[in-house]
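Here's a quick briefing to read with the viewer open. Have a look at the fold first, then work through the notes by topic.

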Amino acid sequence: EMLERKRSRFEIPRAAKCWSMYCDFMASPGVKCPRCWRVVKHCCCAALPNVKLRPQVIVLFHHEELGQHSATNTAVWLTLVGAEFYCAGLREHDQRLQRLLREDVDGTV
């Protein structure tokens, strides 16, 4: 029961809305690059090599930060090398993150 109360304290209904807005942006980024979030005319993604980090990198965003679509965010650049986004407060993401932490016997996550 205590765990459930803690969990519900962090589950913010707005997180689902922000994640949905992020997904909409990724589907139709307009004048921005969906990969680096820079205005397309300033984007240099085509010149970057396709690199994948060896360790699994997870970026946990606060839901309000996720909706800003700012190219100056370091976390955005981590996704260019294979990092995964997780939105704090989104039940599905919270559950996946908890599962990853439980399964991580080496403590590398």
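The notes below go from the overall layout to a few individual residues.

This is a predicted model, where local features need pLDDT of at least 70, side-chain atom pairs count only at pLDDT 80 or more, and totals for chains, interfaces and linings use all residues. Residues are numbered from 1 along each chain as its sequence is written, and side-chain values use heavy atoms, with hydrogens and water left out.

**Overall layout**

- The chain has five helices and two strands, taken as DSSP runs numbered from the N terminus (helices are H or I with at least four residues, strands are E with at least two).
- Going along the sequence, you get the pattern α-α-β-α-α-β-α.
- Of the 109 residues, 28% count as buried; buried is under 20% relative accessible area, exposed is over 50%, and partly exposed is in between (1.4 Å probe, protein chains only).
- Take the contacts (heavy atoms within 4.5 Å) between residues at least 6 apart in sequence: 64% of them join residues at least 24 apart.

**Nonpolar core**

- The largest nonpolar core has eight residues: Y22, F25, W37, V59, F61, V76, A83 and F85.
- Helix α2 (13–27) and strand β1 (58–62) each supply at least two residues of this core.
- A core here is a set of buried Ala, Val, Leu, Ile, Met, Phe, Trp, Tyr and Cys residues joined through side-chain atoms within 4.5 Å.

**Aromatic rings**

- Searching the whole structure turns up six aromatic pairs; rings of Phe, Tyr and Trp (its six-membered ring) pair if their centres lie within 6.5 Å, with planes under 30 degrees apart called stacked, over 60 edge-to-face and the rest tilted.
- Take F25 and W37: their ring centres are 6.0 Å apart and the planes sit at 85°, so this pair is edge-to-face.
- F25 belongs to helix α2 while W37 is in the loop between α2 and β1, so the pair ties together parts 12 residues apart in sequence.
- Both partners are buried, F25 at 10% relative accessible area and W37 at 3%.
- One aromatic cluster is formed by W19, Y22, F25, W37, F61 and F85.

**Around helix α5**

- L90 sits in the loop between β2 (84–88) and α5 (91–103), and at 12% relative accessibility L90 is buried.
- Not counting residues up to four places away in sequence, L90 touches A15, A16 and W19.
- L90 and K17 are 73 residues apart in sequence, yet their C-alpha atoms are 9.4 Å apart in space.
- H93 is in helix α5 and is buried, with a relative accessible area of 3%.
- Leaving out neighbours within four places in sequence, H93 contacts W19, F85, Y86 and C87.

**Salt bridge**

- Side chains of opposite charge can pair when their charged atoms come close.
- The count here is one salt bridge, meaning a side-chain nitrogen of Lys or Arg within 4 Å of a carboxyl oxygen of Asp or Glu.
- The side chains involved are E92 and R96, at 3.9 Å from N to O.
- E92 and R96 are four residues apart in helix α5, so about one helical turn separates them.
- R96 is partly exposed, at 26% relative accessibility.
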